[in-house]
Amino acid sequence: MRRITARLGALAAASLLAVTVQAGQAGAADEAAYFKMRDITRAEFIVKITTPSAIQEARDIVATGEQKIVIGRIVKRQADYNPRWSFHLDPERIQFAEAAIEVCDATTPYVEDHLDEAGGAFLPGLYWCPWTGRLTEEIPAP
């Protein structure tokens with residue numbers, strides 16, 4: 001009987017730990033940070049980021065002026081925080097790099113003008129990495 005009680009206690013503790021970890025992860029995902037990105041055309045685009053490590057990296061980029069490229073997956077829908085454009089980047093898939101392949105490079109206005117072609121030969125997989133796009137500042141949530 002003691003074995004069953006001990007196993008049930010261990011199972012309950014493991015279940016409680018799993019629920020606690022999931023709640024902590026959900027809380028982190030609810031946080032978002034917003035950044036302005038400007039490219040060579042001087043067009044501004046708002047990038048929403050929800051991943052804590054990417055948020056910190058974006059803040060470091062803004063603070064140091066580091067020339068990293070924003071890489072993200074296009075969602076072909078307007079976002080309320082980026083009303084000028086008919087698309088936005090998936091907030092959970094934002095990454096940064098020092099270099100990227102040419103096939104994902106385009107200016108913001110060019111993406112807007114050719115959005116119907118994105119995902120095929122133009123921006124395969126809907127990945128966009130504007131080589132001249134730079135984070136300029138963090139902004140308050142719109």
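I note that the model is predicted.

Next I looked up where Lys68 sits. I placed it in the loop between helix H2 (52-64) and strand E3 (69-75).

I turned to the largest nonpolar core, which has 27 residues. Which of them touch the most other members? I wrote down Ile49, Ile74, Phe96, Val111 and Trp128. At least two core residues come from each of strand E1 (33-38), strand E2 (44-49), H2, E3 and strand E7 (122-124). H2 gives the most, with four residues.

I checked Ile49 separately. Beyond its neighbours within four places in sequence, Ile49 is in contact with residues including Ala54, Ile55, Ala58, Ile94 and Phe96.

Last, I searched the whole structure for disulfides and found one. It joins Cys104 to Cys129, with an S to S distance of 1.6 Å. The torsion about the S-S bond is about 85°, so I recorded the disulfide as right-handed. Cys104 lies in the loop between strand E5 (95-97) and helix H3 (108-113), and Cys129 in the loop between strand E8 (127-128) and strand E9 (134-139), so the pair ties together parts 25 residues apart in sequence. Both Cys104 and Cys129 are buried.

Technical notes: Residues numbered from 1 in each chain as written. Predicted model: local features only at pLDDT ≥ 70, side-chain atom pairs only at ≥ 80, totals over all residues. Heavy atoms only, no water. Core = buried A, V, L, I, M, F, W, Y, C linked by side-chain atoms within 4.5 Å. Buried < 20%, exposed > 50% of the residue type's maximum accessible area, 1.4 Å probe, protein only. Contact = heavy atoms within 4.5 Å. Disulfide = S-S within 2.5 Å.
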